[in-house]
Every structure is written in structure tokens, then in C-alpha cells.
Amino acid sequence: MPSSSRRYQTGFSVVELATVIAVLAILATSFFVAFITLYSSSARSSKDLALDMDNQQAMSIIERDIRYSFAFEKDINSNTNVRDDFGYDTIAGSLSSITYSGTSSTLRALILAGYATTTNPSSKTRQTIYLTTPFSCATAMYDNAQLPYYTAYFARNGKLYRRINPDTTSATCNGAPQQKQSCPPDAPGAWNARCKANDEVIANNVTAFTLTYYDNSSPGTPIDVYNAPDPTEALNAADSVEVTLTLSNGTTITSTNTIRVAKVNYVDG
């Protein structure tokens, strides 16, 4: 019988190679898109978390100061022994005094009155500082008035600042206050002699800082201090304040946090 031979081919045809390459290209593109999406999501989550942490940290500081306060104030300069030389500006002698209304309806200012202490207010060894009049420090110090200081929270150029304004004029029975006068860290010129520390930056990327005041006798009804005939009287009637702080990094990432805190009128014996 005539012999026949078969020739076997090995490898891939051009069509098969083209098909494989096309499939690999599609898979590579899919994996790349998935990686970019996952990376973007992770980066966004990281930025979200950082913004939320900044917001919560700022709120913790605000909450602490409110609890240590005994009054919500209209402004700082109403106390003749306490003076704010800078206001919202960075130049001493400015006429833009910090007031409760802030610079807009979305950027209010929180002004708190507290009692000055010999050490940090959170310290167990703190002592409230008393004035030298009208009674003797040696025999009736605790019958005298306590030395006040003021804490102001206000927004400027996307930052939330915390300014301390103590009474540095009145004579005291038991030492100098731990609270020191703070001033703008970005003041273009030299500070005046009253400045002892920088205003503390509580938060960056601030887009809103709003305050709503309440009387505990009507906890569900806000006090409209901003349209009250006598804002000082309205603020004096407030027992607590709802604070809302919004931070935004300029894109779609935003963090908003709200707390409601009651002031505490504490007195050390």
C-alpha cells in the first residue's frame, strides 16, 4: 500500500495570537481601571477620615471650654478690664471687634466667659482666682468676686481660631491667671506688650461655624439671639448652645459635626 505521511503543525496561528492579545489587552485595561478606582476610593476614604478626625478634635476643645464657662457673651470689650486689640484682623488697634454675630450667618463667633484659674482648668489642683476687693484676702477671700477671662472662637481665612482674653488689670488674692492673652500668629508687625501666646488654630478648611442657643426650660425651642432686641439679655437666658462645624477640602469631601453643650457655672471653694 502506498505510504502516506501526515504533517502536524505546532504553535498558534496569526488569528489565534491576535485573539489572545486582544483578550489580554481587555483584561489589563479592566485590572488597571479597577486598581485606579480602588486607589481613588482608598485615597478619598483616607481624606474623609482625616477631615472627620480634625472636626471631632476641634469639637472636643470647644465642648471643654463651654463646660468650663459660666456665660455666653455678646462681645469681649464690654468688660472694661478685658481688651481685645486685634478683633478679626491681624493689626493691633483694629475696630473690627469680635462679636457674637460673627462675620456672617454661616460664620458666627462663640464668646465664653469663664473663671480664671491658677493652673489648667482641667487640673485637679486648680484654684479659682479671687479679686482683692471688697473683702480681705486673708480672712474673706472667697467672699470676693472671681477673676473672669474670655475665650473667643471665630473664623478667619478658612481657619477657626481660639483666642484667650484674660483680665490683666484687676488685683488678685491668690496669684496670676494661667490663662494668657493670645494674639494673631500671622500679625504682620510686632505684638503689643499684652500678647503672651498665639491664637490657637482649632481647625482648617472651615466653611461654616454656626451656633444655636437654648434655654433649658424650653430645650426644644431655640433662642433667636441674632434678632433679639437685647442680645445680651438673650444670651444671658441661654443655658446651652448647639455648635455646628463644617470643614471642606475644596472638592467633594466635606465633614459636618454638631454638638449641643450646656455651660457649667462652677465655683471652687
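In strand 11, A262 is the bridge partner of S240. Strands here are DSSP runs of E with at least two residues, numbered from the N terminus. The structure is a predicted model, in which local features need pLDDT of at least 70, side-chain atom pairs count only at pLDDT 80 or more, and totals for chains, interfaces and linings use all residues. Residues are numbered from 1 along each chain as its sequence is written, and side-chain values use heavy atoms, with hydrogens and water left out.

S240 belongs to strand 10, where it also stands opposite Y214. Strand 10 covers residues 240-248. Two strands count as paired if DSSP finds at least two bridges between them. Nine bridges link strand 10 to strand 11 (residues 254-262), and the sense is antiparallel. The two strands form a hairpin with five residues between them. In the turn, G250 has a positive phi of about 95 degrees. Strand 10 is also joined to strand 8 (residues 206-215), by eight bridges, and these strands run antiparallel. Strand 10 is mostly covered, with eight of its nine residues buried. Buried means under 20% relative accessible area, against over 50% for exposed and in between for partly exposed (1.4 Å probe, protein chains only).

Strands of a sheet pair through backbone hydrogen bonds, either parallel or antiparallel. Five strands make up this open sheet, in the order 1-2-3-4-7, with antiparallel pairing. Strand 1 (69-72) and strand 7 (200-203) stand at the edges with a single partner strand each, so one side of each has no neighbour in the sheet. From one strand to the next, the twist averages 30 degrees. Angles run from 0 to 180 degrees between N-to-C directions, with axes fitted as lines to C-alpha atoms. Strand 7 is joined to strand 4 (residues 159-166) by three bridges, and the two run antiparallel. Here R162 has E200 of strand 7 as its bridge partner.

The whole structure was also searched for cavities, and one of 30 Å³ or more was found. A cavity is a set of points on a 1 Å grid over the protein atoms alone where a 1.4 Å probe fits but cannot get out; lining residues have an atom within 4 Å of a point. The volume of the largest cavity is about 30 Å³, taken as the space filled by probe spheres set on the points. Its lining consists of D65, S69, L112, A113, G114, Y149 and T151. Strand 2 (110-115) and strand 3 (148-156) each give two or more residues to this lining. Strand 2 gives the most, with three residues.

Definitions and conventions
Helix = DSSP H or I, 4+ residues; strand = E, 2+ residues; numbered from the N terminus. 1 Å grid on protein atoms, 1.4 Å probe; cavity = no way out; pocket = protein on both sides within 12 Å on 5 of 7 lines; lining within 4 Å.
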